[in-house]
Every structure is written in C-alpha cells, then in structure tokens.
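Dear colleague,

Please find below the structure I promised to pass on to you. My notes on it follow directly after.

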Amino acid sequence: MSLTEERITEIKEIFSMVDDDGDGSITRSELGLCLRAMQYSISNSEINDLMKKFDSDRTDRINFPQLLQIIAATDQPNLTKQTQTILSALKLFDTQNDETISENDFRFLMQQTGEQLSKDSVDDMITATDARTKNGRIQYRKLVSTLIHL
C-alpha cells in the first residue's frame with residue numbers, strides 16, 4: 001500500500017498527539033491509541049504482533065518511520081467498509097459540513113433504521129461515547145469510532 005503525502009501528514013499529526021513525552025517514539029499502548037485514532041479496528045493481540053514485527057531495535061517503542069511501515073504493510077483499509085457506510089449515511093445529515101449532526105437527526109436515524117432503538121438507548125449511546133458538543137450537536141465520526149472500539 002502506497003501512502004500519499006496527505007496521508008503521511010495525517011499520520012504524523014496523530015503520532016505527534018499520541019507521543020506524550022515528545023521523544024519521537026510511542027509505547028505499545030500508545031501504538032494502540034494511534035491506530036485506533038486512525039480508525040483501525042485492532043486488538044491488543046494484533047498490536048503485540050505488530051510490536052514484535054516492527055520494533056526492530058527491540059526498545060518496546062515505535063518511531064514514526066516504523067509506524068509508517070506498519071500502516072503501509074497493513075492491508076486493513078483506513079476505514080472498514082461498514083464504518084464507511086455508516087459515516088456516509090450520517091454525513092448526509094451534516095448540514096453544517098463540520099462532522100456534526102443535530103441530536104434530533106441522529107435520534108431519528110437511530111430510531112428509524114435497523115434495530116428500533118428507544119429514546120433512552122439513543123441517549124445512553126450518545127452519553128457513553130462523549131460525542132455531544134457544547135452546542136448539543138453530535139460528533140458522528142467520534143461516536144462511530146468509539147462505538148466500533150468498545
């Protein structure tokens with residue numbers, strides 16, 4: 001898989017945010033955070049396997065070039081097909097083009113499509129994912145990402 005400059009920049013931004021101490025490398029748990037922030041659905045066991053394979057200097061840390069190797073070697077797409085479908089449907093209701101939708105629109109979607117969810121179930125979903133903005137809109141990308149990784 002070839003990485004575009006745009007994708008490399010995106011990966012670098014996420015890497016920098018996760019690299020808490022700013023030393024240019026991330027730990028095993030930070031690798032998990034980093035990959036999940038990039039919408040990879042990955043288990044702790046898979047993260048351990050990646051560490052074994054790509055931590056060539058055996059420091060228990062991954063640097064940015066090693067992370068790029070991981071991303072390039074991983075055949076999992078940036079977003080799974082199912083996640084892409086969900087995000088595409090939610091984006092139709094993103095009238096402000098800011099990756100948020102109104103709570104009413106989200107509630108309508110959740111109550112009218114697929115399994116019928118009660119108002120309380122939808123409220124629990126929003127609260128559990130901490131996806132509500134200060135102005136009451138729902139950050140749908142954050143909500144979907146959190147729900148997928150629960």
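The stretch of residues 6-41 is 64% helix and 8% strand, and its end C-alpha atoms lie 21 Å apart. Please bear in mind that this is a predicted model. The stretch corresponds to a record: in an unreviewed entry, UniProt places the feature "domain: EF-hand" at residues 6-41, and also at 42-77 and 81-116.

On the α1 side, Ile14, Phe15 and Val18 take part, and they meet Glu30, Leu33, Cys34 and Ala37 of α2. Sorted by class, the contact of α1 with α2 comprises 6 nonpolar residues, 1 charged residue and no polar ones.

The second pair is helix α6 (residues 103-112) with helix α7 (residues 119-129), where the axes come within 10 Å and cross at roughly 120°. Angles from 65 to 115 degrees count as roughly perpendicular and those over 145 as roughly antiparallel, and α6 and α7 are therefore oblique to each other. Here too the handedness can be stated: α6 passes α7 in a right-handed crossing. The residues of α6 that make the contact are Glu103, Phe106, Arg107, Met110 and Gln111, while α7 contributes Lys119, Val122, Asp123, Met125 and Ile126. By class, this contact of α6 with α7 has 5 nonpolar, 4 charged and 1 polar residues.

I turn next to charged pairs. Side chains of opposite charge can pair when their charged atoms come close. The structure holds 10 salt bridges. One of them joins the side chains of Asp21 and Arg61, at 3.7 Å from N to O. This pair links distant parts of the chain, 40 residues apart: Asp21 sits in the loop between α1 (5-18) and β1 (25-27), whereas Arg61 belongs to strand β2 (residues 61-63).

Lastly, which residues does Leu3 touch, leaving aside those up to four places away in sequence? Leu3 is located in the segment before α1, and its contacts are Ile8, Ile11, Leu68, Ile71 and Ala72. As for Ala72, its C-alpha lies 6.7 Å from that of Leu3, although the two residues are 69 apart in sequence.

With kind regards

Conventions: Residues are numbered from 1 along each chain as its sequence is written. This is a predicted model: local features need pLDDT of at least 70, side-chain atom pairs count only at pLDDT 80 or more; totals for chains, interfaces and linings use all residues. Side-chain values use heavy atoms; hydrogens and water are left out. Axes are lines fitted to C-alpha atoms, for helices over the stretch in contact, and angles run from 0 to 180 degrees between N-to-C directions. Helices (H or I, at least four residues) and strands (E, at least two) are DSSP runs, numbered from the N terminus. Angles under 35 degrees count as roughly parallel, over 145 as roughly antiparallel, 65 to 115 as roughly perpendicular and the rest as oblique. A crossing is left-handed if the near helix is turned anticlockwise from the far one by less than a right angle, and right-handed if clockwise. Contact means heavy atoms within 4.5 Å. Ala, Val, Leu, Ile, Met, Phe, Trp, Tyr, Cys and Pro count as nonpolar, Asp, Glu, Lys and Arg as charged, and the others, Gly among them, as polar. UniProt positions are given in the numbering used here, feature names are shortened, and annotations may be inferred rather than shown by experiment. A salt bridge is a side-chain nitrogen of Lys or Arg within 4 Å of a carboxyl oxygen of Asp or Glu.
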